[in-house]
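Dear colleague,

Please find below the structure that I am handing over to you.

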Amino acid sequence: MEDLRVADFLGLRSLAGARLVAGKSGLERKVSMIYMIDHPDAARWLRGGELLLTSGAWFATNPALAAQFLRQGVKHGIAGLAIGVGLLGYFESAPTSLRSAGDQLGVPIIEFPWATYAVDVIQEGLEAIINRQVEQLEWAATVQRRLTAVLLDDGGNLDRLAGALSDLVGNRATIVTSQHTRGASGELIAPTLAPAPDGNDPGRIVCSVQSAGAHHGYVLVDATLRPLNGMDRIAAEAAAVLVALHCVSEERVREVERRVQSSLFDDLIHYDQDDAVAGFTSRTELLSYPIEDPQVAVVLELDGLVRRLAAMGLD
């Protein structure tokens, strides 16, 4: 369920008889759209990921225009260029300058028979793109449901979440936060936030865990059992969203606990004998505070401290 590549389109039924004539190194370029172009300035309309079909009419009298177009297209993320050829077409084969540019730039140049119906190629190509996108959406929904269920059922256990992610992708998954670093087996790897890993490593997927501009950590997937693919990234990104929600939730809980604890200490210092002891004790139990242990309180008279500092010229 990877993103479609140029190589996948060479297998379309509607492109029977097509052949790659240049740019072999670019066969893994991702394709997000396929359509017909016959205009020399079409490069400025590209959004990235387009596999373009052309009759060659617009550069029939000046083949160098095709190579020029390809150089502009690379800047906009063109995936490949397919040209209709044959005795009845504008070219019997792709121009030499176009093939040279394709090899130099790593952009696949494909020849298809002039008798090919471009509308059939476009229709079949778009169906393949849409079907792949549907598969990816279904996978994303499945991942979201499974990981959410694990996080909710286990009370926010990131160890279990890492394990569930590992099971889904069939590779080792690790969750790194400022609180801990956990692997699928639950082992404690490091107590502090790891430095930013290399996001360009083909053997590792790195998804940053962020919320409202705050950075909480990473979700990592390593190619320990098989090569990584686009579906693994979808799963890792879904996990990163859940980890971010978990981190924000825990921070809110800790903030509330700090406020309640501060209020508790204040009441402890100003304890009224008429207060219900049971009520006070229940509050300490909610915070897991060992109130029965010996306590030490330090009380500062801030007003007096301010006057002393002012007298010493330290205000």
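Of the contacts in the protein (heavy atoms within 4.5 Å) between residues at least 6 apart in sequence, 61% join residues at least 24 apart. This is a predicted model, in which local features need pLDDT of at least 70 and side-chain atom pairs count only at pLDDT 80 or more, while totals for chains, interfaces and linings use all residues. Residues are numbered from 1 along each chain as its sequence is written, and side-chain values use heavy atoms, with hydrogens and water left out.

The protein has 315 residues, of which 37% count as buried; buried means under 20% relative accessible area, exposed over 50%, and partly exposed in between, with a 1.4 Å probe and protein chains only. Its secondary structure consists of eight helices and 10 strands. These are DSSP runs numbered from the N terminus, with helices being H or I of at least four residues and strands E of at least two.

Helix H4 covers residues 118-153 and has 36 residues. From its first C-alpha to its last, H4 reaches 52 Å, close to the 52 Å expected at 1.5 Å a residue; the expected span is 1.5 Å times one less than the number of residues. The buried residues of H4 include Val121, Ile122, Glu124, Trp139 and Leu151. After H4 comes Gly155, which has a positive phi, near 60 degrees.

H4 also packs with helix H5 (residues 158-169): their axes come within 9 Å and cross at roughly 150 degrees. Axes here are lines fitted to C-alpha atoms, for helices over the stretch in contact, and angles run from 0 to 180 degrees between N-to-C directions. H4 and H5 are therefore roughly antiparallel, since angles under 35 degrees count as roughly parallel, over 145 as roughly antiparallel, 65 to 115 as roughly perpendicular and the rest as oblique. Their crossing is right-handed, a term used if the near helix is turned clockwise from the far one by less than a right angle, left-handed being anticlockwise. On the H4 side, the contact involves Trp139, Val143, Arg146, Leu147, Val150 and Leu151, which meet Leu158, Arg160, Leu161, Ala164, Leu165 and Leu168 of H5. These residues divide into 10 nonpolar, no polar and two charged. Here Ala, Val, Leu, Ile, Met, Phe, Trp, Tyr, Cys and Pro count as nonpolar, Asp, Glu, Lys and Arg as charged, and the others, Gly among them, as polar.

Among the residues making the contact are Leu70 and Arg71 of H2 and Leu98 and Gln104 of H3. The contact divides into eight nonpolar residues, three polar and one charged.

Finally, two residues may be noted in the loop between strand S10 (214-222) and helix H6 (230-269). One of them is Leu225, which is exposed, with a relative accessible area of 72%. Leu225 touches Gly170 and Asn171, not counting residues up to four places away in sequence. Leu225 and Asn171 are 54 residues apart in sequence, but 5.6 Å apart in space, C-alpha to C-alpha. Asn229 is found in that loop between S10 and H6 and is partly exposed, at 21% relative accessible area. With residues up to four places away in sequence not counted, Asn229 touches Glu2 and Ile205.
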